[in-house]
Amino acid sequence: MSTAAFHISSLLEKMTSSDKDFRFMATSDLMSELQKDSIQLDEDSERKVVKMLLRLLEDKNGEVQNLAVKWLGAPLGAFHASLLHCLLPQLSSPRLAVRKRAVGALGHLAAVCSTDLFVELADHLLDRLPGPRAPTSPAAIRTLIQCLGSVGRQAGHRLGAHLDRVVPLVEDFCNLDDDELRESCLQAFEAFLRKCPKEMGPHMPNVTSLCLQYIKHDPNYNDDSDEDEEQMETEDSEFSEQESEDEYSDDDDMSWKVRRAAAKCIAALISSRPDLLPDFYCTLAPVLIRRFKEREENVKADVFTAYIVLLRQTRPPKGWLEAMEEPTQTGSNLHMLRGQVPLVVKALQRQLKDRSIRARQGCFSLLTELAGVLPGSLAEHMPVLVSGIIFSLADRSGSSTIRMDALAFLQGLLGTEPAEAFHPHLPTLLPPVMACVADPFYKIAAEALVVLQELVQALWPLDRPRILDPEPYVGEMSAVTLARLRATDLDQEVKERAISCMGHLVGHLGDRLGDELEPILLLLLDRLRNEITRLPAVKALTLVAVSPLQLDLQPILAEALPILASFLRKNQRALRLATLAALDALAQSQGLSLPPSAVQAVLAELPALVNESDMHVAQLAVDFLATVTQAQPASLVEVSGPVLSELLRLLRSPLLPAGVLAAAEGFLQALVGTRPPCVDYVKLISLLTAPVYEQAVDGGPGLHKQVFHSLARCVAALSAACPQEAASTANRLVCDARSPHSSTGVKVLAFLSLAEVGQVAGPGPQRELKAVLLEALGSSSEDVRAAASYALGRVGAGSLPDFLPFLLEQIEAEPRRQYLLLHSLREALGAAQPDSLKPYAEDIWALLFRRCEGAEEGTRGVVAECIGKLVLVNPSFLLPRFRKQLAAGRPHTRSTVITAVKFLISDQPHPIDPLLKSFIAVHNKPSLVRDLLDDILPLLYQETKIRRDLIREVEMGPFKHTVDDGLDVRKAAFECMYSLLESCLGQLDICEFLNHVEDGLKDHYDIRMLTFIMLARLATLCPAPVLQRVDRLIEPLRATCTAKVKAGSVKQEFEKQDELKRSAMRAVAALLTIPEVGKSPIMADFSSQIRSNPELAALFESIQKDSASAPSTDSMELS
C-alpha cells in the first residue's frame, strides 16, 4: 500500500472515533488530502470515502455533519451518480436532521455534477412535487421545496431551463396555509431571481404579488396605523391556549420568518431588474415604507435593506448630466423618489427613537443612502432628523456603535444638505457633539472631532458672507478642541483629528478667538516639533495661512520657518509635499512679514527639490519660488543661480508634466517681472535657448520633441511678461527661422516659439513671416515642416483677418502641401475665438467638404477634425447641415462626417450636447446615448455578425488568400460594445450582449482579442449571467489555448498565437475569480488540463503574477 493510501486509510479509521474532535479533524484532513493533484483514488477507496461521508451526515455532532455536507460536493466526479442515488432517498427520511443534511448535500452536488445528472435531479424533484391539493404530507413538500431552493442557491445558473416548470408549482404551494412552507417557497424565489433574472422575467408579476402579500403577513397582530400603541391580539385565557394546540401564540408564531423571506425576495427582485425601477416605485416602495413599523427586529432590518437596494439602483450613473438633458428615465425615477421622501421620513420618525439599537442603525443607513441619491432632499425634515441624532448621541446605555453611527450620519448630512437647514438647530445639536468630543472612548472622540470640523466648514464657509453669528458657539468649540489638543496621552487618531479640527476652527473663525489665538498658534508650533504630529500640524498651519481672515502669525513665523525648512530634507514624501504647500501659503499671506533670514534658510533647501525624480515636489517647489520672488525679490539673489540651473535642466526632460511647465512659466515671469528684475530678460532668454543654439549643426543626438515645445512655451511666457521686448523677440525668431545657417533645432524652436508668442507686431514683419512659413513648409526636414504648419495656424488664430483668407487661398492653390496647410487650419480653428470665426464659416465649410472625397485617408482625417471644430463655432446653425451630409451618396463624405462626430464631443459640458442626442457619444458623454440604446443596440449587434458577401478570395501566384472586407466594421462594433459595457451597463440586456460576445470568441484574431478582454471585464462586472453560460464560454477558450501553429509558419504567426493564448488565459483567470465557477464540471476539467500541461501552467502562473502587480489589466485602449 502506498504512503498516501495508508494515510487515507488511517484517516477513515479515525472518522469512526467516539471523540467528536477526532472525527471532525480526520474529516477535515481527509478532504485537504483529496484536494491535492497527486492523490488519485481507486474505485474501492472512493466508495469507502463516500460511504463514510454519508454516514457522517447522521453524526450526532452538528459541526461534523456540516463538514460532511460541505465536502460531499468535492471532486469525486466518477462517483456523483452513486452519490445522487444515495442522497435522493434521504429526502424521505423520517428524521428532520437527515432531510436537512440531504438537502444541503444535494445543493452542493447540483453545482458540480454533470448536466445529465443535474437534469435527473431536477426531474426527480419536480415529479415528486404533487399538485397543491393532492394529499401529501406537509413535511415532504417542505423538504422538496427546500431542496429546490438549495439547488437554486448553489447551482441556480443551471436551473434556468427548468424554471417554467418549477415556478408555477412553487407559486401554488405558497398559497397553502403553512408558514414554514411559505418561507421555503419565498427563499426559493429569491435564489431564482438572483441566479436566473432573465428566465424569471415572465414570472415577475406573480412573484411580486406574492411578496407584497406576504411581507404584510402577520396573523397575530392587528395593524391599526391610527393608534400610537401597538396592540397584540392574544387569547384572554391561558387555559384556552393550552386546550387548543392549533391556536396561534407568540411562542409558535412563524409568520415573521415569512415576512423576512418576502423582504429578502423583494431585495432580490429590485437588484436583479433595475430596468423595472419605475414600476417598483409605484408597487414595492409604498409597501416597504409602510412596513418600516415592522414589530420584529430581524424583519425590520431586511425591510430597510430592501429599500436601500432600491435607492442604490436609483443612484444616477456616472456621466449623467441632469442640467444638460431633457428628463430621462433616471430623472423620472428621482422625481418619484423625491415625492416619497416625506413618507419615508414620517415612517422613520418613531424608529429614530426606538429602543432597539439595530432599528436606529437601519434608519441611519437608509437616510444616508437617501441623502446621497437626492442631496438636499432632507433639508425640510431637519427637525425630525436632528431630534433622532440627539437621541442616539445621548444614548449611553448600550454599545458605543450607535453614537458613532449617529455622528457618521450627521457628518454625511453636513455634506449633502444646505447649511441654512442646520442654523435653527445648532443650540441643541452642538452640546451633544461636544460631549462626544470629550468622550473617553477614542473612536467616538475622533468621529466627533470630524463632525465638529465639518460643522465649522459648512456653517461658516470662507467663500460666502457669514449668515450665522459664531459668537455664542466659538468659545465652547475652541475650549473642547483645545482640551483634546493639549492632552498628550491620547490615541494617535484623536491627536491628528484634534489638530485638523483646530486648524479649521482658526482658519474659519480665528478673528473671533481674540486672546485665545496666540496660545493656540503656539500649541500648533509645539505639535510641529513633534515627529508623530508634525504632518497634521503642517496641514493645519496651511489652513490658517490660506484663510482670508488675514490672521497675525508673527508669534510663530520666526520659529516655524526653520522647522519647515528642515522638513524639506526628510524622506517622507507626504511631509515634503505638505510643507511646500504650507510655505507657499505663508509666502502668499504673510509676504514681507516673513523674516528674511528664515526665508533664506528655506530657499537653501529648494535647488535639491527641483529635479525630475519627483515632478509633483518639483512643481510645488517652483510655485513657492514664484510666490517668494513676488513677495521678497531680494531673498532670491543668492539662490537664483543654482535654482535656475536646476530648472533649466528640468525643462530639458521629455517627461515634463503640464503642471510643472505652468509653474516654471510662472516663476520665469516673476523673475523678469520684479522691479528691478531679478534676472535680465535677454540673459534669461539666452539661458533658455542655449541648449538648442549651442547644439552642433544637425549633428549629434538631438533633444526630444517635447523639449522644444516646453522651451517655446517659456519663451512666450517671458515675452508676455515683458511686452516691450516682444516685438524684438519675434523679429529675432523670424530671422533665425529664415537664416540658411540655422540648424534644424533652431528653426523648430523658432517656429514653435512664434506659434506660442502669437501675433507679431506690425504689417511688415507679418508679410515677412508669411513668406518664411510658406518656405518652411517645403523644407526637407519633417520636424521643420510640422513646426511651421503649427506656427502658421497659431499665428493665424491671433490675426484672423490677415492670415485666414491667405491660408484658405494657399489650401486651394497648393495641393501638394494640402496636408500641412489643413493642419494649420485645424490649429487656427482650435485656438481662435468662436465669434471671430463666424464671418469665415461659410468659406471654410465649402472648402472642407470639397476635400471629403480626397484619396488620402490621413488628409480626410484632418478634414474631419476641422469640420468638427467648425461645427462647434455655431452648433445650432451648422449641425443640421452637418446631418444632411450623412445622407449624401458619396461614401468618403459620409465616412468623414461620421469621423467628425468624435470631435464634437468634449469631456466638459458644452452647448452642443443637447443637439447631439442622435450621435453616439459613449466615451465622454454616455448620458447622451443611454435613452437611445433600445434603437441603437439592434443595429450595433447586427454589425458584429460575419457577412459572407464581404468575404472574397484573392489569388497571389499559386496561393489563394481570403480577405474579409467586413472585419474593420465588426472590430469597430465590438469596440463600441466594450465602451457601452464601461459606461451604460445598467441599460444593457447582458444575456443578449453575451450572445454576441460568445460569437466573437470564434471570430477572426482581432475580434477574439477584443472579446477575451470583454469577457474578463464581464466576469468582474456581472458574474451571475456569465456563470449561467460558463460551460459554453469555456470551449472557445480551450480551443485557443490548445491550438498549435502549423510547422513552417512565419515568426509573426507564432507571436500572434502566443498573444492570443495569453489574452485567452487572462479571460480564464478572470472567470476563475467568480466564486462558484469552480463547481462547473467543464471548468474543473479545463483547470486540471491547464495544471497538467507545463506550458499552459507556466502561462497561467505568469498571468496571475501580472494581475497581482497590476490589477487594472482589464482596461482596453480604444483609438
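1. Let's start at lysine 495, which sits in helix H23, a helix covering residues 492-509. This is a predicted model, so please read every value below as computed from that model. Is lysine 495 buried or exposed? Its relative accessibility is 18%, so lysine 495 counts as buried; the cut-off for that word is under 20%. If you set aside the neighbours within four places in sequence, lysine 495 is in contact with Thr488, Leu490 and Thr533.

2. You will find threonine 896 in helix H44, residues 891-901. With a relative accessible area of 2%, threonine 896 is buried. Which residues does threonine 896 touch, leaving aside its neighbours within four places in sequence? They are Cys852, Arg860, Val863, Ala864 and Ile867.

3. Now step back to the whole chain. The protein chain has 53 helices and two strands. Of its 1119 residues, 51% are buried. Among contacts with a separation of 6 or more, 71% are between residues 24 or more positions apart. Keep that last figure in mind when you meet the pairs below.

4. Next, a pair of packed helices. Two packed helices are described by the angle between their axes and the distance between the axes. Helix H15 (residues 297-314) and helix H17 (residues 357-373) have axes 10 Å apart and pack at an angle of about 10°. H15 and H17 are therefore roughly parallel to each other, a label used for angles under 35 degrees. From H15, the contact uses Glu297, Asn298, Lys300, Ala301, Phe304, Tyr307, Ile308, Leu311, Arg312 and Thr314. From H17, the contributors include Arg358, Ala359, Gly362, Cys363 and Ser365, along with Leu366, Glu369, Leu370 and Val373. By class, the residues in the contact of H15 with H17 are 10 nonpolar, four polar and five charged.

5. How do helix H33 and helix H35 cross? The axes of H33 (residues 705-721) and H35 (residues 744-757) come within 8 Å and cross at roughly 45°. That angle makes H33 oblique to H35. As for handedness, the crossing of H33 and H35 is right-handed. On the H33 side, the residues that meet H35 are Phe708, His709, Leu711, Ala712, Arg713, Val715, Ala716 and Ser719. On the H35 side are Gly745, Val748, Leu749, Leu752, Ser753, Glu756 and Val757. The contact of H33 with H35 has nine nonpolar, four polar and two charged residues.

6. Lysine 705 counts as exposed, at 57% relative accessibility, where the cut-off is over 50%. The C-alpha atoms of lysine 705 and valine 748 are separated by 9.3 Å, and these two residues are 43 residues apart along the chain. Lysine 705 also meets aspartate 783 through their side chains, in a salt bridge of 3.8 Å from N to O. Lysine 705 is in H33 and aspartate 783 is in helix H37 (residues 782-798), so the pair ties together parts that are 78 residues apart in sequence. Aspartate 783 is partly exposed, with a relative accessible area of 37%.

7. How many salt bridges does a search of the whole structure find? The search finds 48. One of them joins arginine 165 and aspartate 123, whose closest N and O atoms are 3.1 Å apart. Because arginine 165 lies in helix H9 (residues 163-174) and aspartate 123 in helix H7 (residues 115-128), this pair ties together parts that are 42 residues apart in sequence. Arginine 165 counts as partly exposed at 41% relative accessibility, and aspartate 123 counts as partly exposed at 27%.

8. Arginine 273 forms a salt bridge with aspartate 275, with 2.9 Å between the closest N and O atoms. Here arginine 273 counts as buried, at 18% relative accessibility, while aspartate 275 counts as partly exposed, at 47%. Which residues are linked in a network of salt bridges? The network consists of Asp218, Arg259, Arg291, Glu294 and Arg295.

Methods: Residues are numbered from 1 along each chain as its sequence is written. This is a predicted model: local features need pLDDT of at least 70, side-chain atom pairs count only at pLDDT 80 or more; totals for chains, interfaces and linings use all residues. Side-chain values use heavy atoms; hydrogens and water are left out. Axes are lines fitted to C-alpha atoms, for helices over the stretch in contact, and angles run from 0 to 180 degrees between N-to-C directions. Helices (H or I, at least four residues) and strands (E, at least two) are DSSP runs, numbered from the N terminus. Angles under 35 degrees count as roughly parallel, over 145 as roughly antiparallel, 65 to 115 as roughly perpendicular and the rest as oblique. A crossing is left-handed if the near helix is turned anticlockwise from the far one by less than a right angle, and right-handed if clockwise. Contact means heavy atoms within 4.5 Å. Ala, Val, Leu, Ile, Met, Phe, Trp, Tyr, Cys and Pro count as nonpolar, Asp, Glu, Lys and Arg as charged, and the others, Gly among them, as polar. Buried means under 20% relative accessible area, exposed over 50%, partly exposed in between (1.4 Å probe, protein chains only). A salt bridge is a side-chain nitrogen of Lys or Arg within 4 Å of a carboxyl oxygen of Asp or Glu.
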